[in-house]
Number of protein chains: 2
Amino acid sequence: MKIAIAQLNYQVGNLDFNTQKIINAILTAKSQAVDLIIFSELSICGYIPYDFLKYDYFIENCYQKLDEIKSHCVDIAAIVGLATKNPQTKGKKLYNSAAFIFNGEVQKLIHKSLIPSFDVFNEERYFEKNKNLEIIEFKNKKIVISIAEDLWDEHRICGVFEHKIMFKNNPMEYLSKFSPDLIINIAAQPFSYCQIDNKKEIIFKNAIKYSIPIIYVNQVGGNAELIYEGASIIVNKAGNPVLVADSFKEDFHVFNIDEIVKSPKTININKVLKSNKYETLYSAIILGIKDFFEKNNFKKAIVGLSGGLDSAVVVALLVNALKKENVEVLLLPTKYSSQHSIDDSLEMIKRCGIKHHIIDIEELRLAYSSSMQEVFENTKPDLTEENIQARIRGSILMAYSNKFGNILINTSNKSEVAVGYSTMYGDMNGALSIIGDLYKTEVYKLADYINQNFNNMIPQNIIEKIPSAELRPNQKDSDSLPDYEILDEILFLYIEQNLSEEEIINRGLPKDTVSRIIKLVNNSEFKRFQMPPVLKLSSKSFGEGRKMPL
Amino acid sequence: MKIAIAQLNYQVGNLDFNTQKIINAILTAKSQAVDLIIFSELSICGYIPYDFLKYDYFIENCYQKLDEIKSHCVDIAAIVGLATKNPQTKGKKLYNSAAFIFNGEVQKLIHKSLIPSFDVFNEERYFEKNKNLEIIEFKNKKIVISIAEDLWDEHRICGVFEHKIMFKNNPMEYLSKFSPDLIINIAAQPFSYCQIDNKKEIIFKNAIKYSIPIIYVNQVGGNAELIYEGASIIVNKAGNPVLVADSFKEDFHVFNIDEIVKSPKTININKVLKSNKYETLYSAIILGIKDFFEKNNFKKAIVGLSGGLDSAVVVALLVNALKKENVEVLLLPTKYSSQHSIDDSLEMIKRCGIKHHIIDIEELRLAYSSSMQEVFENTKPDLTEENIQARIRGSILMAYSNKFGNILINTSNKSEVAVGYSTMYGDMNGALSIIGDLYKTEVYKLADYINQNFNNMIPQNIIEKIPSAELRPNQKDSDSLPDYEILDEILFLYIEQNLSEEEIINRGLPKDTVSRIIKLVNNSEFKRFQMPPVLKLSSKSFGEGRKMPL
């Protein structure tokens with residue numbers, strides 16, 4: 001049996017666009033005499049249109065698109081993902097379904113059984129669990145069609161189980177009794193840098209456990225905060241990968257399933273999938289930026305370049321994702337800005353070949369001072385005055401964005417966002433945060449990766465200087481925060497690993513620092529509430545991935 | 001049997017505080033020879049601590065608090081709500097439980113069966129569904145202990161069913177077979193102005209259906225966006241209310257259950273519960289403000305008073321919630337501000353007796369112009385310049401907030417938030433939005449309600465003037481938007497009732513306007529993403545209540 005896997009980049013909610021993409025792939029597959037073509041989870045509507053799923057017309061439109069697709073599947077079979085109506089009057093209104101289409105008709109609708117509500121997933125808001133498990137038969141093969149979590153039910157965060165067995169049922173336990181010949185899994189699994197290993201392991205483990213080959217087809221592309229890495233895989237029944245699709249781009253493969261799973265040649269998956277953490281992160285961010293701009297019809301970006309590490313890394317990433325002519329920067333110095341910050345920024349601009357403007361904001365700073373003078377009489381300078389500078393910069397960057405249509409990209413990192421070391425409506429501004437899920441120590445390593453692979457885009461001075469917000473004379477980050485190595489370790493244990501203050505101190509970290517940092521994290525939830533969307537890169541990003549009370 | 005209901009105002013995550021409150025109520029009940037005291041859902045941790053539930057230490061602490069409470073329940077029984085561990089290795093890690101305590105021990109842990117994942121609820125992120133239904137026996141009575149949704153499974157929005165039967169199972173159908181004498185329901189049901197009627201109806205309907213009296217104990221208080229109205233109810237088996245606790249405040253009642261449910265005297269519930277929509281909304285907002293300040297240890301508020309309706313209503317609400325000495329306002333005029341805006345604001349300030357400052361921002365406006373001059377050369381004035389004014393105001397208000405600790409309260413209404421008629425990092429600033437879930441036409445009616453009941457706090461000029469943002473000469477809201485009556489009708493049908501563009505046009509609304517407004521709503525999702533928390537007042541508020549893709 002000749003099978004095609006179509007690893008495509010869908011637009012959430014753009015049914016016309018997605019359907020055309022699906023039909024094009026079907027036509028290509030037909031021209032190669034394919035028997036069955038497989039698309040990813042919720043392919044017709046893209047993963048996931050959230051509350052558009054609550055609009056009846058939206059679901060009706062999905063059915064109409066399914067009809068269009070059906071008409072192209074007379075002499076080819078296809079598996080496409082879509083939301084379908086639950087015909088029962090009780091329970092959630094929809095199913096998360098895979099339509100198995102052949103002879104121009106939907107032969108079977110298979111519904112997802114294990115509906116995730118963890119991390120960024122909230123599918124139980126929409127989808128009823130399927131309890132009627134069945135296999136399909138096609139070309140003399142018994143096939144399990146499963147949807148994403150149906151095949152796995154553990155949730156691990158960087159090797160540590162947050163949750164070992166998330167669901168009460170295991171549909172494969174039941175379906176394996178029918179001795180299927182093949183498992184197909186269609187998914188939309190968001191990227192995180194340690195998720196890739198988990199995913200591979202789970203697929204391999206299942207193939208071995210049931211001694212059945214698995215075809216896993218994942219969505220690819222960036223949809224606002226979430227990035228899907230693709231990397232669809234075929235493993236033989238010994239759990240060895242025999243085909244791996246590209247990571248971070250669309251891919252299409254045609255193969256004879258009987259031959260490929262018997263092939264003695266298996267793939268060293270670590271060579272195919274990016275095995276270096278920073279190479280993976282880099283590729284994920286680039287895709288996230290590209291798709292954010294493309295899918296929203298944005299063209300140019302604007303960034304405030306401070307001379308510090310974060311904005312430099314952000315600019316380097318934007319230049320590589322969008323091309324240099326689409327990236328512009330503003331330098332917004334005050335009297336507290338050091339000359340080296342300006343020089344280093346100019347050097348960075350030269351290396352990247354991007355357009356820039358320098359707007360001295362000293363006059364605006366003084367104008368605020370004078371406007372506030374009467375009201376602030378008899379008060380001492382404090383954080384207020386530092387925040388004003390950050391907000392002037394934020395306002396100027398937004399003005400540039402409003403005037404020329406450039407999209408403001410946020411430059412916050414996860415460490416500062418975690419402890420609230422940032423100004424709301426100032427440096428927290430932006431339409432998208434692209435390094436907001438990287439701790440400062442990770443930003444350093446990403447900077448090294450970029451410099452090693454892309455001609456030292458970032459001047460070494462910027463990487464080596466002592467971190468400072470330059471909002472008052474001689475300010476250093478370390479005045480108010482512990483060293484980033486210690487800070488990031490505490491944050492990782494508290495945020496990613498859900499350890500308590502006591503448990504973190506027991507790991508040998510300084511007691512007072514741990515207490516203070518945890519308080520800062522909890523007390524700055526109100527700032528994160530109003531943060532831009534953050535590209536999810538880790539297994540626990542702020543936003544949907546970590547919901548906390550205010 | 002003598003029963004007490006304790007309708008208390010908990011602090012989310014503050015286990016010490018909540019436990020002390022629970023113990024105090026138990027002591028009071030004991031002194032009145034009560035047999036059983038009933039607290040609301042998740043009373044030990046407050047509803048709902050979100051991902052703190054993922055921290056093991058947090059759950060352990062809940063158990064410790066339960067132990068403390070137990071020790072006070074030797075000669076009194078109590079029902080308290082808390083999260084407990086699911087002892088099984090499969091499935092969600094927790095249950096949403098009611099502990100039935102007597103003789104100093106937990107006699108039975110009853111777990112919630114119907115776990116909500118709709119509107120603002122996302123309990124399936126944490127809680128496993130209970131499948132082992134049982135009743136308890138106490139003082140020769142068979143009692144059903146149910147938790148919130150266990151007793152209802154429909155979701156209606158202002159009379160229209162968004163979802164008729166949300167769950168596949170109905171635990172009461174099963175439990176009614178044991179012929180129980182009494183149903184107890186402990187809940188944490190957030191307020192919305194049309195939810196109160198639904199709730200009453202559901203409780204009455206259940207009592208009649210099973211011919212069993214119901215004791216319903218609800219949480220009260222504001223927790224960030226969510227307000228809980230309390231209004232706990234006891235109905236007899238004929239579905240007639242025999243006791244109704246206060247709305248929007250703590251309440252405590254002791255009664256003999258056998259007598260009260262047999263009493264021939266039933267209550268006209270519409271007289272007890274606030275039956276006027278704006279009286280209800282007013283009370284809800286006041287509680288939301290009070291608790292936001294109290295629970296976060298905030299004292300004073302700051303608002304930018306523009307001379308328009310929204311900020312005037314916000315100030316009136318704050319003055320009534322926090323007292324006049326805790327409300328301060330800034331007038332931030334430019335040359336586009338009309339004299340009547342300043343005069344009307346000063347009149348409002350006089351009537352409220354609050355502190356104010358006037359800071360002319362014309363100089364800052366010019367300073368931005370001159371700073372941007374070179375970069376903006378050869379461009380025409382557009383929205384950019386209007387946004388700059390809004391951001392200057394936002395920055396000054398935040399500076400005031402930073403310097404003096406006053407909390408900035410947002411003044412956006414739901415109509416402008418819906419269509420994006422607002423400036424990010426400008427007038428969208430604030431720690432809390434208190435009228436962001438009220439359409440403009442509702443803000444007008446609330447203003448009338450306030451004036452009628454609180455000595456015309458708001459000058460009539462402010463209510464009657466033609467709405468304008470005053471960001472350019474002679475600007476009116478109606479330059480860019482349809483009349484608010486039409487706008488709000490379209491928005492309600494699209495947002496609350498999930499109708500499609502076509503269906504809304506079929507209701508007789510103007511085609512082009514409907515298309516344009518729906519596009520505006522969909523395209524301004526990115527602005528709402530970074531909005532402050534909005535007090536939920538309707539059955540569909542922005543934020544957790546309506547999740548949309550960007």
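Predicted model: local features only at pLDDT ≥ 70, side-chain atom pairs only at ≥ 80, totals over all residues.
## The buried side

Which residues of α1(A) are buried? They are Leu15(A), Asn18(A), Thr19(A), Lys21(A), Ile22(A), Ala25(A), Ile26(A) and Ala29(A). Looking down the axis of α1(A), you'd find these buried residues within an arc of 160°, so they line one face of the helix.

What do they pack against? In chain A, the partners of the buried residues are the strands β1 (2–7), β2 (36–38), β3 (77–85) and β16 (251–256), plus helix α2 (56–70).

## Length and what follows

Helix α1 of chain A covers residues 15–31, which is 17 residues. From first C-alpha to last it reaches 24 Å, close to the 24 Å expected at 1.5 Å a residue. Just past the end of α1(A), Ala33(A) takes a positive phi of about 55°.

## Over in chain B: a sheet

Chain B has an open sheet of five strands, in the order β19-β18-β17-β20-β21, with parallel pairing. At the edges are β19 (355–358) and β21 (432–433) of chain B, each pairing on one side only.

Zoom in on β17 (residues 301–304) and β20 (residues 407–410) of chain B: they run parallel, and two bridges join them. Across this pair, Ala301(B) stands opposite Ile407(B). Helix α8 (residues 309–322) of chain B packs on the sheet, touching β17, β18 (327–331) and β20 of that chain. The direction of α8 makes about 165° with that of β17(B).

Technical notes. Residues numbered from 1 in each chain as written. Chains lettered and ligands numbered in written order. Helix = DSSP H or I, 4+ residues; strand = E, 2+ residues; numbered from the N terminus. Expected span 1.5 Å × (residues − 1). Buried ≥ 20, exposed ≤ 12 C-beta atoms within 10 Å, placed from the backbone. Arc of directions from axis to C-beta. Contact = placed C-beta atoms within 7 Å. Pairing = 2+ DSSP bridges. Axes fitted to C-alpha atoms, helices over the stretch in contact; angles between N-to-C directions.
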